[in-house]
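Welcome! Here is a short briefing on one helix and the sheet beside it. Please have a look at the sequence and the model first.

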Amino acid sequence: MTDRLLLGTWPTPLEPLPRLAAHLGTEPDALLLKRDDLTGLGAGGNKVRKLEPLLAEATAQGADLLVTSGAAQSNHARITAAAAARLGLDCVLVLWGDPPAEARGNLLLDALAGAELVWVGDGDTEAVVAQVAAERRTAGRSPYVVPYGGSSPLSATGYVRCAEELQAQVPDLDLVVTAVGSGGTMAGLVAGLGADRVLGVDTGAVPDAAAAVEGLLAGMGVAHGALRIDGDRVGDGYSTVGDEVRSALRLVARTEGVFLDPIYTGRAAAGLVAALNGPDGVPGRRVVLLHSGGLPGLLARDDVL
Ligand SMILES: *Cc1c(COP(=O)(O)O)cnc(C)c1O
C-alpha cells in the first residue's frame with residue numbers, strides 16, 4: 001500500500017449519549033456516538049476515511065482528475081469534490097437522474113468546490129463514468145475513477161483505522177451500529193472488530209447489502225463470521241423518509257442536540273432503537289452509534305418534519 005495521505009482530522013471524537021440512553025431505558029454510559037460526521041474535509045462524513053487510501057493511490061499514479069458517481073444528494077460525491085480541490089485535482093461527478101431546479105444541499109457544495117456535473121438521466125451510470133474517463137484520457141488527462149460510494153477493498157481499510165480508534169476509545173465495546181450503503185464502512189469495521197460486534201443497517205442503496213459487504217471482505221482477504229444486517233429499515237426505498245426515521249431524527253436532535261441525516265444515520269439510529277429492544281439491550285453492554293455524516297443531504301429535503 002502507498003503511504004498514508006491525510007485528508008481528515010483524527011481521531012474523531014467519541015461522545016456519551018446519556019439523555020438518549022435514559023430515553024431508551026438503558027444506563028447512562030451504555031450508548032456512545034462516534035463522531036465521523038466530524039472528519040473535517042468537505043463538511044465531513046465517513047467518505048473522508050475511505051478516500052484517504054484511494055486518493056493516495058490516485059496521486060501515486062499521477063492522476064489529475066477524479067471521476068465518481070452517485071445520487072444527486074450524494075455525500076460521497078460532495079466529499080470527493082472537496083478532496084479534489086484540496087489536492088489540486090479536477091473533478092467530474094456523474095449523477096443519477098436530471099438536474100433539479102435548485103442546487104441545494106450537497107449539490108450546492110459540489111458547485112462551490114468547482115466540480116463538473118454530468119447528469120445521466122435514466123442512463124447507465126457506470127457506462128457514463130467509463131465513457132467520461134475514456135474521453136478525458138484521449139484528451140490527454142489522467143483520470144482516476146473513484147468507485148461508487150467510494151467502496152473497494154482498498155478504501156475499506158480506512159474503516160479498519162476507525163475500528164482501531166474505537167478499540168482505544170472504548171476498550172469494552174460490545175457493538176457498533178452503522179448504516180450500510182455501498183458497504184465499505186461496515187466491511188472495514190467487521191475486519192477490525194469482528195462480525196459479531198458490528199450491526200449494519202441496510203439503507204437500500206445497493207440491491208444486496210450483505211453481498212456487497214461480503215464481496216469487500218473477500219477482496220480484503222478477511223475471514224469473518226456471520227454478518228449482522230438489519231434489513232427492516234429500508235421502508236419504501238433508499239431515497240425515501242419513513243415515519244420511523246423521522247422520529248429517530250427528532251429523538252436524537254431533542255435528547256442530544258445532534259442532527260442525523262434521513263438516508264443513512266437516521267436509519268442507523270432506528271436500527272439502534274430496535275436492537276436495544278432485543279439482546280443488545282441487556283444491561284452492561286456498551287453500544288456505539290456511528291455518526292457517518294450526511295447533514296447537507298438533510299438540508300436539501302422538505303419532507304423530514
Ligand atoms: C455513504 C454513507 C454511508 C454508507 O457508507 P458505505 O461505506 O457506502 O456503506 C453512511 N452514512 C453516510 C452519511 C454516507 O454518506
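Helix H3 (residues 75–87) lies across strands S3 and S4 (90–95), and its direction is at about 170 degrees to S4. Helices (H or I, at least four residues) and strands (E, at least two) are DSSP runs numbered from the N terminus, and angles run from 0 to 180 degrees between N-to-C directions of axes fitted to C-alpha atoms, for helices over the stretch in contact. This is a predicted model, in which local features need pLDDT of at least 70, side-chain atom pairs count only at pLDDT 80 or more, and totals for chains, interfaces and linings use all residues. Residues are numbered from 1 along each chain as its sequence is written, and side-chain values use heavy atoms, without hydrogens and water.

**The helix**
- H3 is mostly covered, with 10 of its 13 residues buried (under 20% relative accessible area, 1.4 Å probe, protein chains only).
- Among the buried residues of H3 are His-76, Arg-78 and Ile-79.
- The cover over these buried residues includes helix H2 (47–60), S3, S4, helix H4 (106–112) and helix H11 (295–298); contact means heavy atoms within 4.5 Å.

**Its two ends**
- At the start of H3, a side-chain oxygen of Ser-74 comes to within 3.3 Å of the backbone nitrogen of His-76.
- After H3 comes Gly-88, with a positive phi near 75 degrees.

**The sheet**
- Four strands form an open sheet in the order S5-S4-S3-S6, with parallel pairing (strands pair if DSSP finds at least two bridges between them).
- Strands S5 (116–119) and S6 (143–145) are the edge strands, each pairing on one side only.
- S3 (residues 65–70) pairs with S6 over three bridges, and Val-67 stands opposite Val-145 in S6.

Technical notes. Buried < 20%, exposed > 50% of the residue type's maximum accessible area, 1.4 Å probe, protein only. Polar contact = N/O pair within 3.5 Å; in protein donor to acceptor, adjacent residues only side chain to side chain.
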